[in-house]
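Please find below a colleague's note on the model.

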Amino acid sequence: MRKIVNLDTGWKFIAQDAGLVDCYPVDWQDVTLPHTWNAVDGMDGNGSYDRGSYWYAREFAAPRQPLAGGRTYVEVLAAGQQATVYVNGEEAVYHEGGYSIFRADITDLLKEDEENLLVINCSNEYKDSVYPQSADFTFYGGLYRGVNLVSVPDTHFDLDYFGGPGLMVTPKPCDGGGAVFEVKAYVTNPDENFTVLYSIRDAEGREVAYGCRPADDTAMTLRVPDAKLWEIDDPYLYTVTALLQRRNEAYDEVSARVGVRSFSCEPDKGFIINGIQTPLRGVSRHQDLLYKGNALTKEEHRRDAAIIKELGANTIRLAHYQHSQDFYDACDELGFIVWAEIPFISVFNKDPDAHKNCISQLKELIIQNYNHPSICFWGISNEILIGGISEKLVENHKELNALAKELDPTRLTTIAHVSMTPVESPMHHITDVISYNHYFGWYGGRMEDNGPWLDDFHAKHPDLCLGMSEYGCEGIITYHGPEPACKDYSEEYQALYHEHLAKVFDERPWIWSTHVWNMFDFGCAARNEGGVAGRNNKGLVTMDRKTKKDSYYVYQAYWSKKPMVHLCGKRYAQRAGETTEIRVYSNQPAVALYVNGKPAEEKRGEKVFVFTVALADGYNTILAVAGDVKDTMILEKVAKEPGIYVLPEVNERKEGVANWFTAVGDMDLKAPMEFPEGKWNIQYSMEELASCPEALEVVNKAVKLATNFDVRPGVGMWDMMKAMTPKSMVAMAGNMMPEGFLESLNAQLIKINKE
């Protein structure tokens, strides 16, 4: 029978490209898996992180094989981003892609009666043919999910096909009740003596179906007459076991927990599960944690899932790569609908080897995760039009979509479009459903633009299922004020933004899914905005999982069925002025507010309750009561609010935009833009403009004002944005910029000679 030995302890590590060693390196650092060398620098705000080719080593004893011909595999659960595995000085496998399981048969490399040396080289260096190429998150390096040793007989369930489990289960509900389970096992080296025994057990452990067939790859169908459905609120799981039998001897065994459900999407109804219209409302999630990077334990993955469940979300977009099996398992158990995707993101590489890497990562994603009932959508790319569109890009997407449907015809395919993707685009009819990443009210436009844009797209494309795959804004719990505004990074503006968007989506159930960007703050070493460098701070929860921002409770009020009430502004603890605004979120019909033990006011409403109260000098106790639930906070009335409540660059940015036109002079900014030959203009890419320091300086100033991004070679997210033009970047800011801003930028550029 199969034996799995965990190899997470006893490792040596060196943060140098030391090369392959021929003996156990006692002078290297002791580490335990999961491990990443970017646990700190991947998010510490120093502007970069260590992207190197480093080494791990461990000794192990060869497992005893009770049967002749037994095989031993090393199983790596993930290694960022490229990895080579050596056993006793011989290469066992090389793998590209930092987020999936891969294995190698190392039987012939083992020494039976002495210690064996396992060495793994991991690299998160840039490689032109491996995705992700460039993106708005840290590409952590290391053995961050663990390593196993798997020992099997010569005949066993397959371990060689793209890291899969060797078992595929497809449960389908029947029209007349009950369900059929199509089961298919893949066996290595079978002969006529082998059979596969299938068993299905319910959540209570009772066997409800049984079948037997020869050990080939022909599917078998088992019927469960009274099958219970996998529902979002009741995610019922069956356990399907495949037992490889040789006459009266069990040779190998694999199992999968699965759920019986049907689902679909319709343009005017959105998502439908088990025949019930159910708008998907939830969050996106990255897999890293403060000062641990992506090296999370099983318990930490499950804690993340529990925090999202507490929010009341029913869907998670697992961005932008394959996540841990521990997290998919948690989603199966808790009832989340999952969008799983590959890291084909931001930058399209025309190199055929890069496309092959996309194909390989998509195969691994689907084959390794086919049995998870929580997964309903395969995502084939994210914001890939940042660098523009081409026939090759469209063709590659069609190939990926066709591959996904071939590997798994039971699920739907999807795509996340960058905001600037045209309403009319050849990208819209490739996948089964589509989604947009819109940041109106943060990077461009106003939050009020979201609803009209969605309605307009829906009217123009009544045949398309439309979702919102990303939306959000930065919220840093240090910043506060009585007049929150876009780009002030305050906790209050983030909450107002999400108040508006939650209502927009609640009023449009035909939007098949919405995913807040992001559930948790996450590492992005290239970022530096809002006074918190090295991170993207759009999370509803801080990166250390210690603090739920006020915006978290907006969604709890909309989505949670458990009675709740939340007082906003607890960290806006010192307030000036004769009166102050108190905002309360609750899923109850009425909220009563008390100030210093005395009733202030009671209001009826929906989700958001706003009170204006006068504070007494010194400390004030605020109490909110909604039915049987209560919340309280302390506010201090002060003559002047602390300066730390306002980010200094907020005022600098306002002044910068206001003073932008002084450099332009007296000119008609409404006149048609001109593009004379031999001069720079807004239609050149940033990479082209970088060849002229004067032109780049002008554009960088404009883009910094418009988007708060630094766009210079080697700084920030240059690799991701270098293919964009100033026209497209400033256009993303929309009506956040004053009229004539883009024209004035072009007017300055056309003064500069290309020579």
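**Notes on local geometry and packing**

1. K637 touches R575, G577, E578, L615, A616, D617, G618 and N620, leaving out residues up to four places away in sequence; contact here means heavy atoms within 4.5 Å. This lysine lies in strand 40, residues 629-637. Helices (H or I, at least four residues) and strands (E, at least two) are DSSP runs, numbered from the N terminus. A polar atom of the K637 side chain lies 3.5 Å from the backbone oxygen of L615. A polar contact is a pair of N or O atoms within 3.5 Å; within protein, one must be able to donate a hydrogen and the other to accept it, and residues adjacent in sequence count only if both atoms are side-chain atoms. The C-alpha atoms of K637 and E470 are separated by 38 Å, and the two residues are 167 residues apart along the chain.

2. On the basis of these remarks: this is a predicted model, in which local features need pLDDT of at least 70 and side-chain atom pairs count only at pLDDT 80 or more, while totals for chains, interfaces and linings use all residues. Residues are numbered from 1 along each chain as its sequence is written, and side-chain values use heavy atoms, with hydrogens and water left out.

3. Which residues of helix 5 are buried? In this helix, residues 450-460, they are N450, G451, W453, L454, F457 and H458. Buried means under 20% relative accessible area, exposed over 50%, and partly exposed in between (1.4 Å probe, protein chains only).

4. The next point concerns a pair of helices. Helix 1 (residues 298-311) packs with helix 7 at an angle of about 60°, and their axes are 8 Å apart. That angle makes helix 1 oblique to helix 7. Axes are lines fitted to C-alpha atoms, for helices over the stretch in contact, and angles run from 0 to 180 degrees between N-to-C directions. Angles under 35 degrees count as roughly parallel, over 145 as roughly antiparallel, 65 to 115 as roughly perpendicular and the rest as oblique. Helix 1 contributes I307, E310 and L311 to the contact, and helix 7 contributes Y552, Y555, Q556 and W559. By class, the residues of this contact are five nonpolar, one polar and one charged. Ala, Val, Leu, Ile, Met, Phe, Trp, Tyr, Cys and Pro count as nonpolar, Asp, Glu, Lys and Arg as charged, and the others, Gly among them, as polar.

5. One joins L33 and P34, with omega about 5°; P34 lies in the loop between strand 3 (29-31) and strand 4 (53-61). Another cis bond runs from W517 to N518, with omega near 15°. N518 lies in the loop between strand 30 (513-516) and strand 31 (522-529).

6. Positive phi values are a further item. R247, although not a glycine, has a positive phi of about 55°. Its place is in the loop between strand 18 (238-246) and strand 19 (249-258). Is R247 buried or exposed? At 59% relative accessibility, R247 counts as exposed. R545, also not a glycine, has a positive phi of about 65° and is found in the loop between strand 32 (532-536) and helix 7 (550-559). R545 counts as buried, at 8% relative accessibility.

7. L244 is found in strand 18 and is buried, with a relative accessible area of 0%. Beyond residues up to four places away in sequence, L244 touches T155, H156, F157, V187, F194, T195, V196, A215, E249, A250, Y251 and D252. The C-alpha atoms of L244 and Y198, 46 residues apart along the chain, are separated by 9.0 Å.

8. E115, in strand 9 (residues 115-123), is partly exposed, with a relative accessible area of 41%. Leaving aside neighbours within four places in sequence, E115 is in contact with E59, F60 and A61.

9. F741 has its place in helix 13 (residues 741-749) and counts as buried, at 1% relative accessibility. The C-alpha atoms of F741 and E90, 651 residues apart along the chain, are separated by 61 Å.
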